[in-house]
Amino acid sequence: IVTNRVSYRAMQAWFLSNDFKGSAIEIRSIEEFSWLNASYSPVVKQLLDSDARVYYFGEQTSQDTISEPKVRNPKYLSLLNHFRFYIPEIYPQLEKIVFLDDDVVVQKDLTPLFSLDLHGNVNGAVETCLEAFHRYYKYLNFSNPLISSKFDPQACGWAFGMNVFDLIAWRKANVTARYHYWQEQNRERTLWKLGTLPPGLLSFYGLTEPLDRRWHVLGLGYDVNIDNRLIETAAVIHYNGNMKPWLKLAIGRYKPFWLKFLNSSHPYLQDCVTA
Ligand SMILES: *[C@@H]1O[C@H](CO)[C@@H](O)[C@H](O)[C@H]1NC(C)=O
Ligand SMILES: *[C@@H]1O[C@H](CO)[C@@H](O)[C@H](O)[C@H]1NC(C)=O
Ligand SMILES: *[C@@H]1O[C@H](CO)[C@@H](O)[C@H](O)[C@H]1NC(C)=O
Ligand SMILES: *[C@@H]1O[C@H](CO)[C@@H](O)[C@H](O)[C@H]1NC(C)=O
Ligand SMILES: [Mn+2]
(Lines give C-alpha, C1' and ligand atoms only; values in the text may rest on other atoms or scores of the structure.)
(Ligands and ions follow the chains in the order given, each with its own letter.)
Protein backbone atom coordinates (compact mmCIF):
# COMPACT_ATOMS: atom_id res chain seq x y z
CA ILE A 1 0.00 0.00 0.00
CA VAL A 2 1.44 3.31 -1.04
CA THR A 3 0.11 6.40 0.64
CA ASN A 4 1.46 9.84 1.46
CA ARG A 5 3.05 11.42 4.51
CA VAL A 6 -0.28 12.76 5.74
CA SER A 7 -1.95 9.33 5.91
CA TYR A 8 1.06 7.16 6.63
CA ARG A 9 0.72 6.94 10.43
CA ALA A 10 -3.02 6.31 10.32
CA MET A 11 -2.55 3.57 7.72
CA GLN A 12 0.12 1.93 9.82
CA ALA A 13 -2.02 2.08 12.95
CA TRP A 14 -4.96 0.58 11.06
CA PHE A 15 -3.05 -2.36 9.66
CA LEU A 16 -1.21 -3.01 12.92
CA SER A 17 -4.48 -3.21 14.84
CA ASN A 18 -6.13 -5.60 12.39
CA ASP A 19 -5.21 -9.06 11.28
CA PHE A 20 -5.80 -9.98 7.66
CA LYS A 21 -5.41 -13.73 7.94
CA GLY A 22 -1.66 -13.44 8.16
CA SER A 23 -1.22 -11.40 4.97
CA ALA A 24 2.00 -9.44 4.77
CA ILE A 25 1.17 -5.79 4.34
CA GLU A 26 3.78 -3.19 3.56
CA ILE A 27 2.90 0.47 3.86
CA ARG A 28 5.03 3.03 2.16
CA SER A 29 4.89 6.74 1.74
CA ILE A 30 5.34 8.31 -1.68
CA GLU A 31 7.80 10.84 -0.26
CA GLU A 32 10.28 7.99 0.35
CA PHE A 33 10.81 7.57 -3.37
CA SER A 34 13.41 10.23 -3.94
CA TRP A 35 14.11 8.98 -7.46
CA LEU A 36 10.64 10.16 -8.39
CA ASN A 37 11.62 13.79 -8.76
CA ALA A 38 11.25 16.60 -11.28
CA SER A 39 14.45 15.76 -13.11
CA TYR A 40 13.26 12.23 -13.83
CA SER A 41 9.51 12.59 -14.14
CA PRO A 42 7.76 15.18 -16.33
CA VAL A 43 4.67 14.57 -14.21
CA VAL A 44 6.39 15.67 -11.02
CA LYS A 45 7.75 18.66 -12.90
CA GLN A 46 4.31 19.60 -14.22
CA LEU A 47 2.72 19.24 -10.80
CA LEU A 48 5.39 21.43 -9.22
CA ASP A 49 5.04 24.00 -12.01
CA SER A 50 1.28 24.16 -11.57
CA ASP A 51 1.69 24.54 -7.80
CA ALA A 52 4.17 27.33 -8.46
CA ARG A 53 1.72 29.07 -10.80
CA VAL A 54 -0.97 29.02 -8.17
CA TYR A 55 1.54 30.21 -5.57
CA TYR A 56 2.93 33.09 -7.63
CA PHE A 57 -0.20 34.24 -9.44
CA GLY A 58 -2.81 33.32 -6.90
CA GLU A 59 -5.83 31.15 -7.35
CA GLN A 60 -8.08 34.03 -8.39
CA THR A 61 -5.98 35.15 -11.36
CA SER A 62 -4.87 31.78 -12.64
CA GLN A 63 -6.57 31.15 -15.97
CA ASP A 64 -6.22 27.43 -15.47
CA THR A 65 -8.09 27.58 -12.23
CA ILE A 66 -10.90 29.64 -13.66
CA SER A 67 -11.39 27.68 -16.85
CA GLU A 68 -10.68 24.24 -15.40
CA PRO A 69 -11.69 24.10 -11.76
CA LYS A 70 -11.30 20.33 -11.74
CA VAL A 71 -7.57 20.74 -12.19
CA ARG A 72 -7.49 21.91 -8.58
CA ASN A 73 -9.26 18.75 -7.47
CA PRO A 74 -6.72 16.78 -5.40
CA LYS A 75 -7.77 13.61 -7.22
CA TYR A 76 -6.19 14.92 -10.38
CA LEU A 77 -3.28 16.73 -8.83
CA SER A 78 -2.07 13.92 -6.68
CA LEU A 79 1.13 12.25 -7.66
CA LEU A 80 -0.21 9.19 -5.87
CA ASN A 81 -2.64 8.80 -8.71
CA HIS A 82 0.16 8.72 -11.25
CA PHE A 83 2.32 6.43 -9.16
CA ARG A 84 0.89 3.36 -10.93
CA PHE A 85 3.08 4.18 -13.93
CA TYR A 86 6.19 3.48 -11.86
CA ILE A 87 5.33 0.04 -10.50
CA PRO A 88 8.34 -1.74 -12.10
CA GLU A 89 10.65 0.76 -10.41
CA ILE A 90 8.88 0.56 -7.07
CA TYR A 91 9.31 -3.23 -7.07
CA PRO A 92 12.41 -3.94 -9.14
CA GLN A 93 12.46 -7.63 -8.10
CA LEU A 94 8.87 -8.44 -9.02
CA GLU A 95 7.79 -10.05 -12.27
CA LYS A 96 4.04 -9.72 -11.99
CA ILE A 97 1.64 -7.72 -9.88
CA VAL A 98 -2.09 -7.26 -9.40
CA PHE A 99 -2.87 -3.59 -9.01
CA LEU A 100 -5.95 -2.52 -7.06
CA ASP A 101 -7.45 0.94 -6.61
CA ASP A 102 -8.38 2.14 -3.14
CA ASP A 103 -12.09 2.19 -4.01
CA VAL A 104 -12.52 -1.50 -4.83
CA VAL A 105 -13.87 -4.44 -2.86
CA VAL A 106 -12.29 -7.82 -3.49
CA GLN A 107 -14.94 -10.53 -3.32
CA LYS A 108 -13.07 -13.57 -4.59
CA ASP A 109 -9.66 -15.17 -4.60
CA LEU A 110 -7.47 -13.35 -7.11
CA THR A 111 -4.71 -15.96 -7.23
CA PRO A 112 -5.75 -17.29 -10.68
CA LEU A 113 -4.98 -13.88 -12.15
CA PHE A 114 -1.29 -14.63 -11.76
CA SER A 115 -1.46 -17.61 -14.08
CA LEU A 116 -3.60 -16.01 -16.79
CA ASP A 117 -1.88 -15.94 -20.17
CA LEU A 118 -1.46 -12.29 -21.17
CA HIS A 119 -0.12 -13.34 -24.60
CA GLY A 120 2.96 -11.17 -24.23
CA ASN A 121 0.95 -8.12 -23.25
CA VAL A 122 1.82 -5.84 -20.35
CA ASN A 123 -1.58 -4.92 -18.98
CA GLY A 124 -4.49 -7.26 -18.27
CA ALA A 125 -7.64 -5.14 -17.94
CA VAL A 126 -11.37 -5.31 -18.54
CA GLU A 127 -12.59 -3.47 -21.60
CA THR A 128 -15.23 -0.79 -21.26
CA CYS A 129 -16.54 -0.33 -24.79
CA LEU A 130 -19.60 -2.48 -24.20
CA GLU A 131 -20.95 0.95 -23.59
CA ALA A 132 -20.34 2.23 -27.11
CA PHE A 133 -18.91 5.57 -26.05
CA HIS A 134 -15.92 4.26 -24.11
CA ARG A 135 -13.64 4.33 -27.11
CA TYR A 136 -10.38 6.17 -27.64
CA TYR A 137 -11.97 9.15 -29.41
CA LYS A 138 -13.91 9.84 -26.23
CA TYR A 139 -10.78 10.35 -24.14
CA LEU A 140 -8.26 11.86 -26.55
CA ASN A 141 -8.05 14.79 -28.93
CA PHE A 142 -8.15 13.22 -32.39
CA SER A 143 -7.96 16.67 -34.00
CA ASN A 144 -4.33 16.53 -33.01
CA PRO A 145 -2.13 14.76 -35.58
CA LEU A 146 0.07 13.31 -32.82
CA ILE A 147 -2.95 11.29 -31.76
CA SER A 148 -4.74 10.69 -35.05
CA SER A 149 -1.60 9.45 -36.82
CA LYS A 150 -0.88 6.75 -34.23
CA PHE A 151 -4.16 5.60 -32.70
CA ASP A 152 -7.44 4.14 -33.85
CA PRO A 153 -10.25 6.40 -32.61
CA GLN A 154 -12.54 3.35 -32.36
CA ALA A 155 -10.09 1.34 -30.24
CA CYS A 156 -11.78 -0.02 -27.16
CA GLY A 157 -11.13 1.66 -23.84
CA TRP A 158 -10.28 -0.30 -20.73
CA ALA A 159 -10.23 0.41 -17.03
CA PHE A 160 -7.70 0.98 -14.32
CA GLY A 161 -8.67 -0.28 -10.88
CA MET A 162 -7.92 -3.97 -11.17
CA ASN A 163 -5.09 -4.75 -13.52
CA VAL A 164 -2.58 -7.55 -13.89
CA PHE A 165 0.75 -6.14 -14.95
CA ASP A 166 3.53 -8.26 -16.42
CA LEU A 167 6.48 -6.25 -15.18
CA ILE A 168 9.02 -8.06 -17.34
CA ALA A 169 7.07 -7.18 -20.48
CA TRP A 170 6.55 -3.66 -19.10
CA ARG A 171 10.29 -3.05 -18.70
CA LYS A 172 11.01 -4.57 -22.10
CA ALA A 173 8.48 -2.30 -23.82
CA ASN A 174 9.60 0.79 -21.87
CA VAL A 175 6.05 1.63 -20.92
CA THR A 176 7.14 4.19 -18.33
CA ALA A 177 9.23 5.98 -20.97
CA ARG A 178 6.20 6.00 -23.28
CA TYR A 179 4.15 7.49 -20.48
CA HIS A 180 6.79 10.20 -19.95
CA TYR A 181 6.79 10.93 -23.67
CA TRP A 182 3.01 11.42 -23.75
CA GLN A 183 2.95 13.49 -20.59
CA GLU A 184 5.54 15.79 -22.14
CA GLN A 185 3.51 16.11 -25.34
CA ASN A 186 0.51 17.04 -23.21
CA ARG A 187 2.22 19.90 -21.35
CA GLU A 188 -0.37 22.35 -22.66
CA ARG A 189 -3.23 19.88 -22.16
CA THR A 190 -4.05 19.72 -25.82
CA LEU A 191 -4.11 15.92 -26.11
CA TRP A 192 -6.30 15.26 -23.07
CA LYS A 193 -7.42 17.25 -20.07
CA LEU A 194 -7.17 15.24 -16.89
CA GLY A 195 -6.53 11.98 -15.18
CA THR A 196 -4.46 8.85 -15.59
CA LEU A 197 -6.66 6.90 -17.99
CA PRO A 198 -5.84 8.91 -21.16
CA PRO A 199 -2.06 8.58 -20.74
CA GLY A 200 -2.69 4.94 -19.81
CA LEU A 201 -4.61 4.35 -23.03
CA LEU A 202 -1.67 5.81 -24.97
CA SER A 203 1.14 4.09 -23.05
CA PHE A 204 -0.44 0.63 -23.03
CA TYR A 205 -1.75 0.83 -26.61
CA GLY A 206 -1.25 -2.53 -28.30
CA LEU A 207 -0.03 -3.95 -24.98
CA THR A 208 -3.35 -4.62 -23.29
CA GLU A 209 -4.98 -8.01 -22.85
CA PRO A 210 -8.76 -7.97 -22.38
CA LEU A 211 -9.86 -9.83 -19.26
CA ASP A 212 -13.18 -11.53 -18.65
CA ARG A 213 -15.55 -8.85 -17.45
CA ARG A 214 -16.42 -10.76 -14.29
CA TRP A 215 -12.98 -10.04 -12.90
CA HIS A 216 -13.77 -6.38 -12.49
CA VAL A 217 -17.24 -4.82 -12.44
CA LEU A 218 -17.12 -1.05 -12.58
CA GLY A 219 -19.32 1.94 -12.14
CA LEU A 220 -20.62 1.46 -8.60
CA GLY A 221 -19.83 5.10 -7.88
CA TYR A 222 -22.04 6.53 -10.64
CA ASP A 223 -24.08 3.96 -12.58
CA VAL A 224 -27.41 3.22 -10.85
CA ASN A 225 -28.34 0.47 -13.32
CA ILE A 226 -25.83 -2.30 -12.65
CA ASP A 227 -27.38 -5.75 -12.45
CA ASN A 228 -27.20 -7.24 -8.95
CA ARG A 229 -26.22 -10.67 -10.27
CA LEU A 230 -23.27 -9.13 -12.10
CA ILE A 231 -22.13 -7.46 -8.89
CA GLU A 232 -22.58 -10.57 -6.77
CA THR A 233 -20.54 -12.77 -9.08
CA ALA A 234 -17.72 -10.29 -9.71
CA ALA A 235 -14.25 -10.94 -8.35
CA VAL A 236 -13.67 -7.24 -7.80
CA ILE A 237 -16.20 -4.42 -7.68
CA HIS A 238 -15.12 -0.86 -8.24
CA TYR A 239 -16.82 2.22 -6.83
CA ASN A 240 -15.36 4.52 -9.45
CA GLY A 241 -17.21 7.80 -9.70
CA ASN A 242 -18.13 10.29 -7.02
CA MET A 243 -20.74 8.28 -5.13
CA LYS A 244 -18.38 6.33 -2.89
CA PRO A 245 -20.03 3.87 -0.50
CA TRP A 246 -18.62 5.67 2.55
CA LEU A 247 -20.18 8.99 1.56
CA LYS A 248 -23.69 10.27 2.17
CA LEU A 249 -24.29 10.44 -1.57
CA ALA A 250 -23.56 6.72 -1.96
CA ILE A 251 -25.88 4.65 -4.14
CA GLY A 252 -27.85 2.80 -1.46
CA ARG A 253 -28.22 -0.47 -3.34
CA TYR A 254 -24.43 -0.88 -3.65
CA LYS A 255 -23.55 0.07 -0.09
CA PRO A 256 -24.02 -3.39 1.51
CA PHE A 257 -21.31 -4.91 -0.71
CA TRP A 258 -18.82 -2.62 0.97
CA LEU A 259 -20.41 -2.42 4.39
CA LYS A 260 -20.31 -6.15 5.00
CA PHE A 261 -16.52 -6.06 5.19
CA LEU A 262 -16.52 -3.27 7.71
CA ASN A 263 -16.08 -4.16 11.37
CA SER A 264 -18.21 -1.45 12.93
CA SER A 265 -17.26 -2.46 16.47
CA HIS A 266 -13.67 -1.51 15.76
CA PRO A 267 -12.90 1.49 17.96
CA TYR A 268 -11.46 3.49 15.04
CA LEU A 269 -14.74 3.15 13.19
CA GLN A 270 -17.06 3.88 16.11
CA ASP A 271 -16.98 7.59 15.34
CA CYS A 272 -17.55 7.49 11.62
CA VAL A 273 -19.84 4.56 10.82
CA THR A 274 -23.40 5.73 10.42
CA ALA A 275 -24.98 2.53 9.16
C1 LIG B 1 16.33 12.45 -8.81
O2 LIG B 1 16.18 11.14 -9.30
C3 LIG B 1 17.31 10.62 -9.94
C4 LIG B 1 16.96 9.23 -10.50
O5 LIG B 1 15.63 9.16 -10.90
C6 LIG B 1 18.47 10.51 -8.98
O7 LIG B 1 19.61 10.05 -9.66
C8 LIG B 1 18.71 11.86 -8.33
O9 LIG B 1 19.67 11.71 -7.32
C10 LIG B 1 17.42 12.41 -7.74
N11 LIG B 1 17.65 13.75 -7.22
C12 LIG B 1 17.39 14.07 -5.96
C13 LIG B 1 17.63 15.51 -5.59
O14 LIG B 1 17.00 13.26 -5.14
C1 LIG C 1 13.78 0.58 -24.41
O2 LIG C 1 14.79 1.48 -23.99
C3 LIG C 1 16.11 0.97 -24.12
C4 LIG C 1 17.07 1.95 -23.49
O5 LIG C 1 16.70 3.27 -23.73
C6 LIG C 1 16.39 0.72 -25.62
O7 LIG C 1 17.68 0.18 -25.78
C8 LIG C 1 15.35 -0.26 -26.18
O9 LIG C 1 15.50 -0.41 -27.56
C10 LIG C 1 13.92 0.24 -25.89
N11 LIG C 1 12.97 -0.80 -26.27
C12 LIG C 1 11.87 -0.54 -26.96
C13 LIG C 1 10.99 -1.71 -27.26
O14 LIG C 1 11.56 0.59 -27.32
C1 LIG D 1 -6.88 19.50 -30.09
O2 LIG D 1 -5.75 19.57 -30.91
C3 LIG D 1 -5.81 20.64 -31.85
C4 LIG D 1 -4.61 20.48 -32.79
O5 LIG D 1 -3.41 20.49 -32.07
C6 LIG D 1 -5.81 21.96 -31.10
O7 LIG D 1 -5.88 23.05 -32.03
C8 LIG D 1 -7.00 22.01 -30.18
O9 LIG D 1 -6.96 23.17 -29.39
C10 LIG D 1 -7.00 20.79 -29.27
N11 LIG D 1 -8.23 20.77 -28.49
C12 LIG D 1 -8.23 20.96 -27.19
C13 LIG D 1 -9.58 20.89 -26.53
O14 LIG D 1 -7.21 21.16 -26.53
C1 LIG E 1 -13.99 -6.34 15.19
O2 LIG E 1 -13.32 -5.41 16.01
C3 LIG E 1 -13.28 -5.77 17.37
C4 LIG E 1 -12.68 -4.60 18.14
O5 LIG E 1 -11.40 -4.26 17.66
C6 LIG E 1 -12.49 -7.07 17.53
O7 LIG E 1 -12.48 -7.46 18.88
C8 LIG E 1 -13.12 -8.15 16.67
O9 LIG E 1 -12.33 -9.32 16.71
C10 LIG E 1 -13.27 -7.69 15.25
N11 LIG E 1 -14.01 -8.68 14.48
C12 LIG E 1 -13.55 -9.20 13.34
C13 LIG E 1 -14.46 -10.17 12.65
O14 LIG E 1 -12.46 -8.89 12.86
MN1 LIG F 1 -10.93 3.89 -8.46
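Me: Is Asp 103 buried or exposed?
Reply: In this predicted model, the relative accessibility of Asp 103 is 6%. The limit for a buried residue is under 20%, so Asp 103 counts as buried.

Me: Which residues supply the protein donors of the manganese ion (ligand 5)?
Reply: The donor atoms lie 2.1 to 2.5 Å from the manganese ion (ligand 5).

Me: How are the donor residues of the manganese ion (ligand 5) spaced in sequence?
Reply: Written as a pattern, the spacing is D-x1-D-x134-H.

Me: How many residues apart are Asp 103 and His 238?
Reply: Asp 103 sits in the loop between β3 (96-100) and β4 (104-106). His 238 belongs to strand β9 (residues 236-238). The pair links distant parts of the chain, and the separation is 135 residues.

Me: What is the relative accessible area of His 238?
Reply: A buried residue has under 20% relative accessible area, and His 238 is buried because its value is 2%.

Me: Where is Tyr 239 found, and is it buried or exposed?
Reply: Tyr 239 is in the loop between β9 and α13 (255-259). Its C-alpha atom is separated by 6.6 Å from that of Leu 218, 21 residues away along the chain. The relative accessibility of Tyr 239 is 1%, so in that loop between β9 and α13 Tyr 239 counts as buried.

Me: Which cysteine is joined to Cys 129 by a disulfide?
Reply: Searching the whole structure turns up one disulfide. Its S to S distance is 1.9 Å, and the cut-off is 2.5 Å. The partner of Cys 129 is Cys 156.

Me: How many residues apart are Cys 129 and Cys 156, and which parts of the chain do they link?
Reply: Cys 129 lies in the loop between β5 (123-125) and α7 (136-139). Cys 156 lies in the loop between α8 (145-148) and β6 (162-166). These are distant parts of the chain, and the cysteines are apart by 27 residues.

Me: What is the handedness of the link of Cys 129 and Cys 156?
Reply: Cys 129 is buried at 15% relative accessible area, and Cys 156 is buried at 15%. The angle about the S-S bond is -105 degrees. With that angle the link is left-handed.

Me: Which backbone oxygen does the side chain of His 134 reach?
Reply: His 134 is in the loop between β5 and α7. His 134 is buried, with a relative accessible area of 12%. At 3.2 Å its side chain reaches the backbone oxygen of Thr 128.

Me: Why do the buried residues of α10 line one face of the helix?
Reply: Helix α10 covers residues 175-185, and its buried residues are Val 175, Thr 176, Tyr 179, His 180, Trp 182 and Gln 183. Seen down the axis of α10, these residues line one face because they fall within an arc of 165 degrees.

Me: What share of the area of ligand 4 does the protein bury?
Reply: The residues surrounding ligand 4 are Asn 263, Ser 265, His 266 and Pro 267. A side-chain N or O atom of Asn 263 is 2.3 Å from an oxygen atom of ligand 4. Ligand 4 exposes 360 Å² when taken alone, and the share that the protein buries is 31%.

Me: What is the phi of Arg 189?
Reply: Most residues other than glycine have a negative phi. Arg 189 is in the loop between α10 and α11 (197-203), and at 17% relative accessibility Arg 189 counts as buried. Although Arg 189 is not a glycine, its phi is positive, at about 55 degrees.

Me: Is His 119 buried or exposed?
Reply: His 119 is in the loop between β4 and β5. His 119 is not a glycine, yet has a positive phi of about 50 degrees. The relative accessible area of His 119 is 56% and the limit is over 50%, so His 119 is exposed.

Note on methods:
Residues are numbered from 1 along each chain as its sequence is written. Chains are lettered from A and ligands numbered from 1 in the order in which they are written. This is a predicted model: local features need pLDDT of at least 70, side-chain atom pairs count only at pLDDT 80 or more; totals for chains, interfaces and linings use all residues. Side-chain values use heavy atoms; hydrogens and water are left out. Buried means under 20% relative accessible area, exposed over 50%, partly exposed in between (1.4 Å probe, protein chains only). Helices (H or I, at least four residues) and strands (E, at least two) are DSSP runs, numbered from the N terminus. The arc is that of the directions from the helix axis to the C-beta atoms. Donors are N, O and S atoms within 2.8 Å of the metal (3.2 Å for Na, K and Ca); water is not among the atoms, so sites may look incomplete. A residue is near a molecule or strand if one of its heavy atoms lies within 4 Å of it. A polar contact is a pair of N or O atoms within 3.5 Å; within protein, one must be able to donate a hydrogen and the other to accept it, and residues adjacent in sequence count only if both atoms are side-chain atoms. Accessible areas come from the Shrake-Rupley method with a 1.4 Å probe; for residues, only the protein chains shown count as cover.
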